[in-house]
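Q: Please look at the model below with me, and let us ask of each label what it rests on.

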Amino acid sequence: MKLLVTGGAGFIGSNYVRHVLTAHPDYQVINFDKLTYAGNLGNLKDVESSPNYTFVRGDICDRNAFEGLEFDAVVNFAAESHVDRSILDASPFLRTNVMGTHNLLEIVRRRGCALLHVSTDEVYGSTAEGFFNEDSPLQPNSPYAASKASSDLLVRAYVETYKVRAMTTRCSNNYGPYQFPEKLVPLVIINALNGRPVPVYGDGMNVRDWIYVEDHCKAVDMVLHNGKAGEVYNIGSRNERPNIEVIKLLLRKVAQRTGRNEDDLLNLITFVKDRAGHDRRYAIDPVKMERQLGWGPDMSFDQGILKTIDWYISNRDWWQGITSGEYMKYYDTQYGERLKK
Ligand code: NAD
Ligand code: TDX
């Protein structure tokens with residue numbers, strides 16, 4: 001099989017490319033990525049010389065960018081992915097997530113190849129109780145979530161109208177190696193290592209369902225191979241936690257791993273102004289993945305968190321390169337005022 005993986009230089013995409021090259025040594029993988037601020041070829045240094053791997057720099061919005069590339073299926077990870085950035089400026093989210101997905105749908109329609117569209121639990125909005133299943137209404141609350149919901153609806157429309165062979169996955173919050181430092185888990189680890197305040201939005205009681213990135217990648221691969229065209233699959237880990245619990249766990253484990261004083265790290269916790277439109281709780285029901293595809297996560301949260309912390313401790317060069325320059329401009333815009341006492 002020849003796979004085109006869009007957004008393969010980002011967090012989940014790079015973990016997925018590595019997963020495919022290991023799990024399917026006979027596959028050819030083209031990593032197609034624009035290399036925005038979130039894309040980093042350093043995420044795939046260990047596989048870049050593999051004869052089965054090619055990198056192409058390109059934009060999923062560009063109609064001509066795919067000419068000359070041969071593939072049987074597309075796995076679409078390419079997106080603007082950070083909620084806080086979508087609140088600052090929604091335009092790049094509409095462009096890449098909506099128009100870019102539309103362009104990919106046109107390409108797979110013309111070529112007759114398959115598409116796996118990677119989406120998110122955020123399209124369902126927030127729920128106080130119960131779980132989101134694949135038929136739950138789409139009620140996105142952030143510009144990011146609205147752009148992903150729009151892309152999901154376009155996929156649905158292309159399945160119904162043109163019989164495109166497309167599937168959609170909607171996953172909960174990922175964590176693990178190579179996650180960009182703007183997201184909660186790496187932000188807490190890196191700020192703890194740097195002795196910087198750890199910003200907690202609102203009361204810290206917003207709930208997310210955390211999944212280790214490799215478990216998500218395995219699920220995507222199962223859907224690609226065994227999923228039914230036209231269907232949606234929810235991927236979640238049955239691992240719901242309030243943010244403050246995750247943050248305290250991370251700080252305690254960083255203290256253990258580095259020999260620092262636990263209270264000193266816990267004292268970095270700083271409650272700040274809440275995110276606008278902050279979803280209270282996401283809760284995925286993964287029963288369809290479990291029953292129809294026999295999928296389940298392999299990694300426990302405690303083990304996954306330790307693996308992740310150890311990775312960030314051993315890969316300082318990776319994040320020190322990123323947490324300077326452009327990223328600090330974003331960080332100051334986001335946290336400068338919020339962290340002033
Ligand atoms: P990321 O921001 O780390 O990576 C996104 C990648 O897409 C980057 O490499 C970037 O360069 C590339 N990209 C952006 N715009 C592009 C364009 N126009 N053309 C080509 N490439 C482009 O994101 P991530 O966290 O790895 O998320 C990947 C996908 O998974 C996204 O679609 C996201 O909505 C979805 N998702 C993420 C999570 C999560 O917890 N991170 C959970 C569920 C679903
Ligand atoms: O500094 C912070 N302090 C804080 O309290 C940050 C960055 C986040 N938070 C809170 C907001 C959320 O409730 O932590 C929670 C997790 O925040 P993010 O890491 O920004 O993730 P979230 O907004 O939940 O969205 C993530 O999961 C779904 C991904 O970024 C999306 O791409 C994915 O679709």
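A: A salt bridge is a side-chain nitrogen of Lys or Arg within 4 Å of a carboxyl oxygen of Asp or Glu. This is a predicted model, in which local features need pLDDT of at least 70 and side-chain atom pairs count only at pLDDT 80 or more, while totals for chains, interfaces and linings use all residues. Residues are numbered from 1 along each chain as its sequence is written, chains are lettered from A and ligands numbered from 1 in the order in which they are written, and side-chain values use heavy atoms, with hydrogens and water left out.

Q: Why is the pair Asp310 and Arg257 called a salt bridge?
A: The side chains of Asp310 and Arg257 meet at 2.8 Å, N to O, and the rule asks for a distance within 4 Å, so the pair qualifies. Asp310 lies in helix 10 (residues 301-314) and Arg257 in helix 7 (residues 243-258), so the pair ties together parts that are 53 residues apart in sequence; helices here (H or I, at least four residues) and strands (E, at least two) are DSSP runs, numbered from the N terminus.

Q: What makes Asp310 and Arg257 partly exposed?
A: Buried means under 20% relative accessible area, exposed over 50%, and partly exposed in between (1.4 Å probe, protein chains only). Asp310 has 27% relative accessibility and therefore counts as partly exposed, and Arg257, with 41%, is partly exposed as well.

Q: How many salt bridges are there by this rule, and which residues are linked in a network?
A: The count comes to 19 salt bridges, and Lys34, Asp59 and Arg95 are linked in a network of them.

Q: How do you know that Glu231 and Lys288 form a salt bridge, and what does the pair tie together?
A: Their side chains meet at 2.7 Å, N to O. Glu231 lies in the loop between helix 6 and strand 10 (232-235) and Lys288 in helix 9, so the pair ties together parts that are 57 residues apart in sequence. At 24% relative accessibility Glu231 counts as partly exposed, whereas Lys288, with 14%, is buried.

Q: Which parts of the chain are called domain 1 and domain 2?
A: The domain assignment, which is automatic or taken from a database, gives domain 1 as 2-175 + 211-235 and domain 2 as 184-207 + 240-276 + 300-335.

Q: How do you know that the two domains touch?
A: Contact means heavy atoms within 4.5 Å, and eleven residues of domain 1 are in contact with 18 residues of domain 2. The two domains bury about 1100 Å² between them, 56% of it on carbon and sulfur atoms, where buried area is the accessible area (1.4 Å probe) that two parts lose on being put together, summed over both.

Q: Which residues form the one salt bridge between the domains, and are they buried or exposed?
A: The count between domain 1 and domain 2 is one salt bridge, in which the side chains of Asp84 and Arg275 meet at 2.7 Å, N to O. Asp84, with a relative accessible area of 2%, is buried, and Arg275, with 15%, is buried too.

Q: Why is Leu193 called buried, and what does Leu193 touch?
A: Leu193, which lies in helix 5 (residues 184-194), has 6% relative accessibility and therefore counts as buried. Not counting residues up to four places away in sequence, Leu193 touches several residues, including Val254, Tyr312 and Trp319.
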